[in-house]
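Me: I am new to this structure and would like to learn how to read its features one at a time. Could you show me the model and then take my questions in turn?

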Amino acid sequence: MKKWLSCKLAFALAAIVMMSLGCGMLMLLTGCGSDESVSLSQSTEPSLPNYFPDAIGSRWIYSGPHGKQWVREVTHERTIGENVYRVFTYTPSIEDATFDLLRISHYRVTQNRVLTFVEEDIDRYVKAKVPEFRVQGAFEGIELEVQVNSISERELVFYRIPPTPNVRWDVLDVKVEGNVVLQGLGLLQLAFEMHLRIKGTVVGLPKTVQTPAGTFENTYKIEYQSGYTLSILDKEETTPEVTDTVWLAPHVGIVRFENAGGVTELVDYTLP
């Protein structure tokens with residue numbers, strides 16, 4: 001009799017243990033014994049649209065004024081100082097000395113900003129603009145060499161993530177110093193300073209934009225106002241501000257660009 005009770009008690013205990021384990025397993029899936037359910041996903045928040053896709057192999061084809069086409073592609077990475085940048089390669093290559101926000105070469109994406117490395121672009125831009133400065137015709141007919149000192153501000157803030165309607169920020173605010181070497185006057189050197197300023201503004205709410213590559217919804221319009229002040233020989237020249245406008249589409253990037261030179265639109269694109 002005792003043996004039978006011991007066996008029955010052992011069986012009952014085993015059944016209780018199995019039921020407990022079963023409820024425990026069930027709690028993992030349905031919240032057994034609880035009013036709360038457990039979500040299997042890590043986050044219930046929707047992910048933000050990517051307005052600057054940057055996977056290596058991404059490729060965009062643009063058509064500029066007069067129908068001239070060019071290609072931009074993310075081809076590789078480059079380490080500059082402590083930062084790793086992805087590199088845009090252009091076909092045909094950039095040969096002019098203009099400082100073009102659309103044709104940036106090095107960039108990196110952080111959690112809340114898209115930053116572009118611009119030291120090389122600024123250097124090229126300054127060397128092109130300084131000879132245009134006229135001090136009562138002193139530079140005319142004289143061979144010039146423009147020497148630009150290195151700068152500490154090497155990046156501009158292309159835009160902040162996510163784009164926010166009517167937000168304004170400093171894209172770039174940098175002073176560049178150097179010397180103009182007058183080759184025809186016994187290597188006479190004239191010190192100069194150029195103050196470059198660019199401000200960005202997200203204009204209004206996102207809209208729909210049509211391009212040859214398609215129709216893009218929720219596209220943000222960003223305006224960049226830029227100008228500079230150049231000082232040589234106690235003379236100062238401030239240029240009127242110019243406006244460049246960029247349209248950013250989710251999961252595609254730049255689909256339209258406009259400045260005084262005309263309109264550039266996206267024709268085709270390939271994203272890995």
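Me: Which classes of residue make up the lining of the largest cavity?

Reply: In this predicted model, the lining of the largest cavity is made up of six nonpolar residues, one polar residue and one charged residue. The residues that line this cavity are Phe52, Pro53, Trp60, Arg72, Phe88, Val252, Gly253 and Ile254, and the space inside comes to about 30 Å³.

Me: How many salt bridges does the structure hold, and how should I read one?

Reply: The general idea is that side chains of opposite charge can pair when their charged atoms come close. The structure holds nine salt bridges, and in one of them arginine 86 pairs with glutamate 77, with 3.1 Å between the closest N and O atoms. Arginine 86 is partly exposed at 23% relative accessibility, and glutamate 77 is also partly exposed, at 43%.

Me: Which parts of the chain does the salt bridge between glutamate 120 and arginine 78 tie together?

Reply: These two side chains meet at 3.2 Å, N to O. Glutamate 120 belongs to helix α2 (residues 119-129) and arginine 78 to strand β2 (residues 69-80), so the pair ties together parts that are 42 residues apart in sequence.

Me: Where do the partners glutamate 155 and arginine 108 lie?

Reply: Glutamate 155 and arginine 108 form a salt bridge whose closest N and O atoms are 2.7 Å apart. The pair links distant parts of the chain, with glutamate 155 in strand β7 (residues 155-160) and arginine 108 in strand β4 (residues 106-109), 47 residues apart.

Methods
Residues numbered from 1 in each chain as written. Predicted model: local features only at pLDDT ≥ 70, side-chain atom pairs only at ≥ 80, totals over all residues. Heavy atoms only, no water. 1 Å grid on protein atoms, 1.4 Å probe; cavity = no way out; pocket = protein on both sides within 12 Å on 5 of 7 lines; lining within 4 Å. Points joined across faces, edges and corners; volume = space filled by probe spheres on them. Nonpolar A, V, L, I, M, F, W, Y, C, P; charged D, E, K, R; others polar. Salt bridge = Lys/Arg side-chain N within 4 Å of Asp/Glu carboxyl O. Buried < 20%, exposed > 50% of the residue type's maximum accessible area, 1.4 Å probe, protein only. Helix = DSSP H or I, 4+ residues; strand = E, 2+ residues; numbered from the N terminus.
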